[in-house]
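Please walk me through this structure in plain terms.

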Amino acid sequence: MERYETLRRHALGGDASGWRLGLAVMQRQGVTAWLRAWQAIPAAPPPRSAAAGGPVVGDELVAVLASMALACVGGK
């Protein structure tokens, strides 16, 4: 229920990170498929300690990966 409410809050607020919470699955395949998908996902590991470079925020990680992918595509 908590995951649904989080997704709902992001979607209603127009937050672009709703896709990471399964918004596309819910829109295309419905709530039942979304629930099944969440059940198949293992629990998230605990956050990394500050000694390991600090916690990585999801949106920052996505931005870095997107930049890397665009650099690879542009290099061809």
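How many aromatic pairs are there by the rule used here? The count comes to one aromatic pair, where rings of Phe, Tyr and Trp (its six-membered ring) pair if their centres lie within 6.5 Å, and planes under 30 degrees apart count as stacked, over 60 as edge-to-face and the rest as tilted. The ring centres of Y4 and W34 lie 6.1 Å apart and their planes stand at 75 degrees, so this pair is edge-to-face. Y4 belongs to helix α1 and W34 to helix α3 (residues 31-40), so the pair links distant parts of the chain, 30 residues apart. Helices (H or I, at least four residues) are DSSP runs, numbered from the N terminus.

This is a predicted model, in which local features need pLDDT of at least 70 and side-chain atom pairs count only at pLDDT 80 or more, while totals for chains, interfaces and linings use all residues. Residues are numbered from 1 along each chain as its sequence is written, and side-chain values use heavy atoms, with hydrogens and water left out.

Buried means under 20% relative accessible area, exposed over 50%, and partly exposed in between (1.4 Å probe, protein chains only).

W34 is also one of the five residues in the largest nonpolar core, together with L7, L21, M26 and W38. Such a core is a set of buried Ala, Val, Leu, Ile, Met, Phe, Trp, Tyr and Cys residues joined through side-chain atoms within 4.5 Å. In soluble globular proteins, nonpolar side chains tend to be buried together. Leaving aside residues up to four places away in sequence, W38 touches R3 and L21, a contact being heavy atoms within 4.5 Å.

L7 leads on to G18, which touches L7, H10 and L23, again not counting residues up to four places away in sequence. G18 sits in the loop between α1 and α2 (23-29) and is buried, with a relative accessible area of 1%.

R8 takes part in the one salt bridge of the structure, that is, a side-chain nitrogen of Lys or Arg within 4 Å of a carboxyl oxygen of Asp or Glu. The partner of R8 is E5, at 3.9 Å from N to O. Both lie in helix α1 (residues 2-12), three residues apart, which means about one helical turn separates them. R8 is partly exposed at 41% relative accessibility, and E5 is partly exposed at 33%.

How values were computed. Helices (H or I, at least four residues) and strands (E, at least two) are DSSP runs, numbered from the N terminus.
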